[in-house]
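Here's a quick briefing to read with the model open beside you. Have a look at the chain, then work through the points below.

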Amino acid sequence: PEDIFAHAYEAIFDIETKIHQRLDSKRVNKENKHKEFFYGEPNEAITILKEEFDVRVHYADEIGINIKE
């Protein structure tokens, strides 16, 4: 698994709520919505950030190369 670190400075709670809504069907714990773990790949979260919120995404790959999308 990859660690995902994200920084969003505008409307962070709105972004978080909408991401959770988009990923709701992929929740690990469907009984407790306060457990914020989801099945999926990092690219799914990156796609949501880019397409829904027009967020530029910067991350490091497995060997530490900084990638900007």
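A few ground rules on burial before we start: a residue is buried under 20% relative accessible area, exposed over 50%, and partly exposed in between (1.4 Å probe, protein chains only). Keep in mind that this is a predicted model, where local features need pLDDT of at least 70, side-chain atom pairs count only at pLDDT 80 or more, and totals for chains, interfaces and linings use all residues. Residues are numbered from 1 along each chain as its sequence is written, and side-chain values use heavy atoms, with hydrogens and water left out.

**The chain overall**

- You're looking at 2 helices and 2 strands; helices here are DSSP runs of H or I with at least four residues, strands are runs of E with at least two, and both are numbered from the N terminus.
- Reading from the N terminus, the order is α-α-β-β.
- The chain has 69 residues, and 17% of them are buried.
- Its accessible surface is about 6,000 Å², with 52% of that belonging to carbon and sulfur atoms; the areas come from the Shrake-Rupley method with a 1.4 Å probe, and for residues only the protein chains shown count as cover.
- Take the contacts (heavy atoms within 4.5 Å) between residues at least 6 apart in sequence: 20% of them join residues at least 24 apart.

**Helix α1**

- Helix α1 covers residues 12-23, so to speak 12 residues, and spans 16 Å from its first C-alpha to its last, close to the 16 Å expected at 1.5 Å a residue; the expected span is 1.5 Å times one less than the number of residues.
- Which residues of α1 are buried? They are I15, I19, H20 and L23.
- Those buried residues line one face of the helix, because they fall within an arc of 130 degrees when you look down the axis of α1; the arc is taken from the directions from the helix axis to the C-beta atoms.
- Part of what covers them is α2 (42-53).
- On the face turned away from the buried side, α1 carries the exposed residues F13 and Q21.

**A closer look at H20**

- H20 sits in helix α1 and counts as buried, at 15% relative accessibility.
- Leaving out residues up to four places away in sequence, H20 touches R27, E36 and F38.

**Salt bridges**

- In general, side chains of opposite charge can pair when their charged atoms come close.
- The rule used here asks for a side-chain nitrogen of Lys or Arg within 4 Å of a carboxyl oxygen of Asp or Glu, and by that rule there are 4 salt bridges.
- One of them joins D14 and K18, at 3.5 Å from N to O.
- D14 and K18 are 4 residues apart in helix α1, about one helical turn.
- Both ends of that pair are partly exposed: D14 has a relative accessible area of 37%, and K18 comes in at 35%.
- Another bridge pairs R22 with E52, whose closest N and O atoms are 2.6 Å apart.
- R22 is in helix α1 and E52 in helix α2, so this pair ties together parts 30 residues apart in sequence.
- R22 is partly exposed at 40%, and E52 is partly exposed, also at 40% relative accessibility.
- R27 bridges to D24, with the closest N and O atoms 2.8 Å apart.
- Is R27 buried or exposed? R27 counts as buried, at 6% relative accessibility, whereas D24 is partly exposed at 28%.
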